[in-house]
Amino acid sequence: MASIVVVMGIWIILIFQTDSFVFHSNSLDKEIDQQVQKKTNLVAKLDFLNMQLNELSAIKKENSTLINAIENLFGLIPDQITLNTIILTDNTLTIKGITPSKELYFFLLESPLRAIFSETNADFFVLPSGWYNFISVSKIIMPPKGDAQ
Amino acid sequence: MAEYIVRNLIFIVIFLLLAFYAFANIILPRIQDYKVKRDDLRHTQLVYTKETERNTQLNLSIDKIQSKNQALLELLQSPPSIKSIQGLAQTFFDVTSVKSAGEKYTKDFSFKIYKIEGTTTTPQTFFDFTKKFEQSFPSASIILPFSIEKENPLDETLKITVHIQIVQMR
């Protein structure tokens, strides 16, 4: 009789403990679902933050690139050439100025422009002083999309 | 006496058989079930701890990024006005005109473009302005087209035309 009581007691304890495990496990499953949802929201928030920071970083880089390009452009102009106009668009650079001679322009200005732009052309107009007014148009020609190169 | 002994032996055998039966078919499966449920709970607790820890780390990362870049991120929500940019430009060259030059949109951002015209006597003032502009307005950029022109060859006055783009969250 005592043995039966002991066995029954062990059996009941095991049932209660097992049910407790199941109960806690189910509660934790719900908590885990909430944490997974929270993780999804946090990842979205982090992606959003990074997207904003990437945009700001791109702005900073573009600013630096453009300002450096304009500074370098002015650095290209030799002292002997006087500039009256510089117009820079997305793919064209127009320079107007005065040069003592065409050769000086070709050697000191057109050569570096050819190194940067896809094509460059200049027209000259002789002045009474013997110097030349020039208009230089340089273009960057983007290759068409789908080009193998 | 012999009968007593035999009867007790029979009871002992029956008892042992019953005990074996109880252990094998009642207690043992229950113990197995107990172990399975206990391991399941441990595993679930581990998963919960990992998920909670991961979310804590994510939260920390987000807080760190936000606090480190708070000023920059606020600029995207409340961008600088063109008036403030005009004010800065005015300290470097004489601003003659500020006009809206359009807007662009992407899924997340809007871009307002302005055209600033002014005059100066040396291009260096424009470069000085650009350096200060970069530092002062990180959410704005100088974009093309850009021009510096000497309208009158007999005059040292240069006309500057520069386009400014201000970005904002949509």
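**Polar contacts between the chains**

A polar contact is a pair of N or O atoms within 3.5 Å, where within protein one must be able to donate a hydrogen and the other to accept it, and where residues adjacent in sequence count only if both atoms are side-chain atoms. By this rule, 10 residue pairs, both at pLDDT 80 or more, are in polar contact across the interface of chain B and chain A.

This is a predicted model, in which local features need pLDDT of at least 70 and side-chain atom pairs count only at pLDDT 80 or more, whereas totals for chains, interfaces and linings use all residues. Residues are numbered from 1 along each chain as its sequence is written, chains are lettered from A in the order in which they are written, and side-chain values use heavy atoms, with hydrogens and water left out.

**The interface**

Chain B gives 55 residues and chain A gives 49 residues to the contact (heavy atoms within 4.5 Å). The count of salt bridges between the chains is 1, and Glu71(A) and Lys131(B) meet through their side chains in a salt bridge at 2.5 Å, N to O (the rule asks for a side-chain nitrogen of Lys or Arg within 4 Å of a carboxyl oxygen of Asp or Glu).

Leaving aside residues up to four places away in sequence, Phe133(B) touches residues including Asn63(A), Ile85(B) and Leu88(B).
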